[in-house]
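User: I would like to go through this structure with you. Could we begin with how its helices pack?

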Amino acid sequence: MTTDGAADVHSGAARLESVLLGRFGGRLTSVRVINRNEVHVDLGSKEDIPVLCLYVSDELKGRLATVVCSDERRVSGSFLLRYAFDIENGEDVFVVVTARVEQGLPPSPASFPSLALRLPASALYEREIKDMFGLIPEEHPDPRPLTLHEHWPEDVFPMRKEFELRTKVAKAQDRGYAFLKVEGDGVTEIPVGPVHAGIIEPGHFRFSVLGETIANLETRLFYTHRGVEKLAEDLRLDQVLLLSERISGDESVANSSAYCQAVEKVAGVTPPPRALQVRAVCAELERVYNHVGTLAGLSTDVGFAYGAARLNILKERMMRLNEEVAGSRLLFGVNRVGGVGIDLPPDKSRLVKDTIDGVLDDFNRMVKLLKRDSSVMDRLRGTGAIGPNEAAEMGLVGVAARSSGLDIDTRRDHPYGAYGSITISPRYDTPRHITEREVEMATRRGDVLARFETRVEEVVNSVNIVGEVLRSLDSGPELQAPVPREALRPFGHALGYAESHRGQTVHWVMIGDAPDSIFRYKVRTASFANWPAIETAVLNDIVADFPLINKSLDLSYAGNDL
Amino acid sequence: MIEMKKKESTHNILGDHVETDKRVLEGSRSAPAFRGDVVFTVSDAQPADPELIRLAVATCAPRAITSNEVDGEFQLTLDKGRCIMCGRCEEAAPIIFEAKSNFARPARKRSELVVARPPENAATGPGSSHEEIGKRLSEKIRGTLGRSLAIREVDAGSCNGCEVEVAALNNAIYDVERFGVHFVASPRHADVLLVTGVGTRNMESALRRTYDATPDPKVVVAVGACACTGGIFGDTYATSGGVGNIVPVDVYVPGCPPRPEALLYGLLLAVDRIG
């Protein structure tokens, strides 16, 4: 029952610590708060995983943020599973339930109780752990492989420590992937991908259709699995930063911010205020250019080429601004561990302000034009709806969650970096406004139109945030706090998180025992959390609406596949 | 009488100006801050400090910088096909490296992307604009193919950064259709395969099948550091270390990601291959 740096512990975390201790004391080997807001609960037995996790999920209203498996056999003799839950009731707290899984003796492999049937959001994590670590989720309803496709041998587990990064595994006999079969009169299958007709990333979609109506959709992803997490264990801390920018190219600021934040937490370093502000400005620029691009895509998918063309011009203008600011059209190179690598001197600040104001003006006109057009609006309304209960059950994040009435935003719920002093949505500060917000969230229908409107609202908000931050830029010349090597204690770990334009991205970093090394880097982008949504959203819609629904969710394949 | 509400006119909503302001159209070259082509500085021909060389080599995440000791002197080589333009080498050893604001030139041979220090032809002029390259491309397409160049884009495991830039070619600023460049939905209609990404193991057979489905004569353009060499992702259990290890590559376009101008330049070389 220790607290690291007791003076700086979130009050909510301290309260949860005692609640959990009081209720489950006998089953726990320790409860402690680290990194200010992470309540770590260590289980005596892996058999208690369901009891604890379901308590945190159902009673404490925790949303499963990520599940981290790490091979710590060399350190502590077993695999460790960490279930991180995000408490979003206004208290900035994460609850991390940790359990040990001993290596099984052949022939019985190591296993752990599956949560998939009772906590659907855990299903994909468990399949991933099975592929990458060879730990079997007991009674998991879906035994199919996930990350490693059919041609991988069944006894290869790349994330185990004994597996060498550059091993070239011989191809096994293609076992085929058992897609769910929908049978009946007139049901046909449409296989699409992995190579698509447009300029997009690879993934396979298997539609079962009845006439035009989609009766079932299964997605098969992980075609772009590049081994990001394993590779990170082979790179130095500063090089992993470059890797984190390239997890998903169009969300480089969000992912690298989350990574930097995790390392900074382990080191106990706070970047200078101006650095955090620059980070926030770039994160919002990223949000703007991507939201504008997605809205252009929606316009294309409803056949309104004129709107798409004009919105894409705005995206191009934003990308040119990115280049002026960061030296890269995709904002690569903004972040450094301990701060940022770029600055916003007065001339750049002015350029940013002028450009985004100009873009916003044109953007508002375009939105007005789109909203006036019934051929656009009719396609959006009622298409691809996701209800609030489904959204909560799947653990959706970001725009997808907010459009379905779940009021979650990591920038506000877990204010990181400069976001502690930034108003995310300026209207919700008085009781009346809060009630209005609640009513508004309840009316969001989770369809493509709701996601369209949420994105439009966020573009406006982001432009306001950039303006607000630029007005109050800290004058300090420091842009990077030194991160002393001795502060990065071996096996120290922390959660880093950020809200990308897709939603919450969570990075868990555990420092290695060699200097500047990483022991485990677990990335969960918003795309991984939101991909299951598409299978639900398209049901009973027509095949022709699939591209539209897909675009409205704006999912990254690379961010999912790692 | 039912009174119909009159629809507000488009002109009323959009006003007199258009989003394509002059700066955007004319400023078609990269911004001065752009980290593009990384080159050896020409200023000093004297051997660099071994410590500095060691630092620069260690700094480079995709291992684009290598050093060889020959007769007590260090020979440095820089592989632009690997470079991810992070600029860390310039920060570590500014007297050896410099990140220029023009794009790195695409090449037909992999070896053309590897340069040694001291540089032989160090003069890198200002990068051409997309208008200039586009016009040359347009003439070449007309001369070689008659009408248009059909391209199929294949993502073989990229971070989607290259996709953003390839997609930008079709926006109203670059608007490559006017040069006769046409993106098609099927490899069966394509002259050129524009391949991005590191060539993941999970995409290997799909890429090979796409290549087989493309009619001859066909040209493969590897787009970006990942497709050229594996980039930061390298050659691991999950990747192939560049799409050249899966299908034959005719043109290499370095960059992370390559700017639209670099992509057009790569297509220019691709048409040469067909002709």
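Analyst: Helix 9 of chain A and helix 10 of chain A are roughly antiparallel to each other, a label for angles over 145 degrees, whereas under 35 is roughly parallel, 65 to 115 roughly perpendicular and the rest oblique. This is a predicted model, in which local features need pLDDT of at least 70, side-chain atom pairs count only at pLDDT 80 or more, and totals for chains, interfaces and linings use all residues. Residues are numbered from 1 along each chain as its sequence is written, and chains are lettered from A and ligands numbered from 1 in the order in which they are written.

User: At what angle do the axes of helix 9 and helix 10 of chain A cross?

Analyst: The axes of helix 9 (residues 305–326) and helix 10 (residues 346–372) of chain A cross at roughly 170° and come within 10 Å. Axes are lines fitted to C-alpha atoms, for helices over the stretch in contact, and angles run from 0 to 180 degrees between N-to-C directions. Helices are DSSP runs of H or I with at least four residues, strands are runs of E with at least two, and both are numbered from the N terminus.

User: Which residues make that contact?

Analyst: Helix 9 of chain A contributes residues including L311(A), L314(A) and L321(A), and helix 10 of chain A contributes residues including V352(A), V359(A) and F363(A). Two residues are in contact if their C-beta atoms, placed from the backbone, lie within 7 Å. By class, the contact has twelve nonpolar, two polar and five charged residues. Ala, Val, Leu, Ile, Met, Phe, Trp, Tyr, Cys and Pro count as nonpolar, Asp, Glu, Lys and Arg as charged, and the others, Gly among them, as polar.

User: How many residues of chain A are in contact with chain B?

Analyst: 51 residues of chain A are in contact with 51 residues of chain B. Helix 6 (237–245), helix 9 and helix 10 of chain A each supply at least two residues to the chain A side. Helix 9 of chain A gives the most, with ten residues. The chain A side has 22 nonpolar, 13 polar and 16 charged residues.

User: Is helix 6 of chain A mostly covered or mostly open?

Analyst: Helix 6 of chain A is mostly covered, with eight of its nine residues buried. A residue is buried if 20 or more other C-beta atoms lie within 10 Å of its own, exposed if 12 or fewer, and partly exposed in between, with C-beta atoms placed from the backbone. Among the buried residues are L237(A), V240(A) and E245(A). Their cover includes helix 5 (228–232), helix 7 (252–267), strand 11 (335–336) and strand 15 (518–524) of chain A.

User: Turning to chain B, into which domains is it divided?

Analyst: Chain B is divided into domain 1 (38–116) and domain 2 (130–274), with bounds from an automatic or database domain assignment. Their centres, taken over C-alpha atoms, are separated by 26 Å. 17 residues of domain 1 of chain B are in contact with 19 residues of domain 2 of chain B.

User: In what order do the three strands of the open sheet in chain B lie?

Analyst: The order is 2-3-5, with antiparallel pairing; strands pair if DSSP finds at least two bridges between them. Strand 2 (65–70) and strand 5 (114–116) of chain B stand at the edges, each with a single partner strand, so one side of each has no neighbour in the sheet. The twist averages 25° from one strand to the next. Three bridges join strand 3 (residues 73–79) of chain B to strand 5 of chain B.
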